[in-house]
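Try each task before reading its solution.

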Amino acid sequence: MKLIYAIVNRDDSKAVLTHLTKNGYYVTKLATTGGFLGSGNTTFMICDLDEKVENIIEIIKKYSKKRIQYLPANDTIMQGVTAPASAPLEVTVGGATIIITEVSDFLKI
Ligand code: 2BA
């Protein structure tokens with residue numbers, strides 16, 4: 001059994017959630033914040049059988065888009081990042097960041 005954490009853009013979260021639940025998956029949705037951009041994103045927790053993982057990833061991939069975001073050059077979060085003084089930093093965010101861990105026990109009591 002695996003636990004999947006999927007960090008997706010907030011704008012994609014509704015579509016991802018709708019299609020996961022429509023396909024019968026149990027999902028927990030967390031409101032999270034990206035450490036780099038400091039903007040809101042969504043993390044889904046999905047615990048399921050090993051053989052379901054591939055399909056879950058396919059669904060997440062299908063509904064998570066890549067986006068370009070710009071971080072203002074003077075933003076304090078940029079300390080330590082090399083960029084020309086006045087140029088905003090361009091970052092590509094997503095589709096989705098997926099972390100998969102092994103689950104030793106799963107209980108519903
Ligand atoms: P953020 O931390 O806000 O990062 C947004 C985007 O900024 C990242 O997109 C990446 O393109 C860039 N970025 C992040 N950290 C960076 C750094 N130290 N130096 C330069 N560029 C950096 P994604 O890679 O698609 O990540 C989207 C979101 O997924 C992240 O939002 C964060 O919430 C999560 N994430 C990504 N990698 C992670 C990891 N290894 N562990 C935990 N969370 C992660």
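The exercises go from the overall fold to the core and then to the ligand.

This is a predicted model, in which local features need pLDDT of at least 70 and side-chain atom pairs count only at pLDDT 80 or more, while totals for chains, interfaces and linings use all residues. Residues are numbered from 1 along each chain as its sequence is written, and side-chain values use heavy atoms, with hydrogens and water left out.

**Exercise 1.** Describe the order of the secondary structure elements in the protein chain.

Begin by listing helices (H or I, at least four residues) and strands (E, at least two), which are DSSP runs numbered from the N terminus. This gives two helices and six strands. Reading from the N terminus, the order is β-α-β-β-α-β-β-β. Next, consider contacts, meaning heavy atoms within 4.5 Å: of those with a separation of 6 or more, 69% join residues 24 or more positions apart.

**Exercise 2.** Find the residues of the largest nonpolar core and the elements that supply them.

A nonpolar core is a set of buried Ala, Val, Leu, Ile, Met, Phe, Trp, Tyr and Cys residues joined through side-chain atoms within 4.5 Å, where buried means under 20% relative accessible area (1.4 Å probe, protein chains only). Of the 109 residues in the protein chain, 29% are buried. The largest core has twelve residues, namely Ile4, Ala6, Val8, Val16, Leu20, Tyr25, Phe44, Ile46, Val53, Ile56, Ile59 and Ile60. Strand E1 (2-9), helix H1 (13-22), strand E3 (40-48) and helix H2 (53-63) each give two or more residues to this core, and the largest share, four residues, comes from H2. In soluble globular proteins, nonpolar side chains tend to be buried together.

**Exercise 3.** Determine which residues surround the ligand and which backbone atoms lie by its oxygen atoms.

First collect the residues with a heavy atom within 4 Å of the ligand: Ile7, Gly34, Gly35, Phe36, Leu37, Asn41, Val91, Thr92, Val93, Gly94 and Thr97. Strand E5 (residues 89-93) gives the most to this shell, three residues. Sorted by type, with Gly counted as polar, the shell has five nonpolar, six polar and no charged residues. Then look at backbone N or O atoms: one of Thr92 lies 2.7 Å from a ligand oxygen atom, one of Leu37 lies 2.9 Å from a ligand oxygen atom, and one of Gly35 lies 3.2 Å from a ligand oxygen atom. Finally, the ligand taken alone exposes 750 Å², of which the protein buries 51%, with areas from the Shrake-Rupley method with a 1.4 Å probe.

Key. Buried means under 20% relative accessible area, exposed over 50%, partly exposed in between (1.4 Å probe, protein chains only). A polar contact is a pair of N or O atoms within 3.5 Å; within protein, one must be able to donate a hydrogen and the other to accept it, and residues adjacent in sequence count only if both atoms are side-chain atoms.
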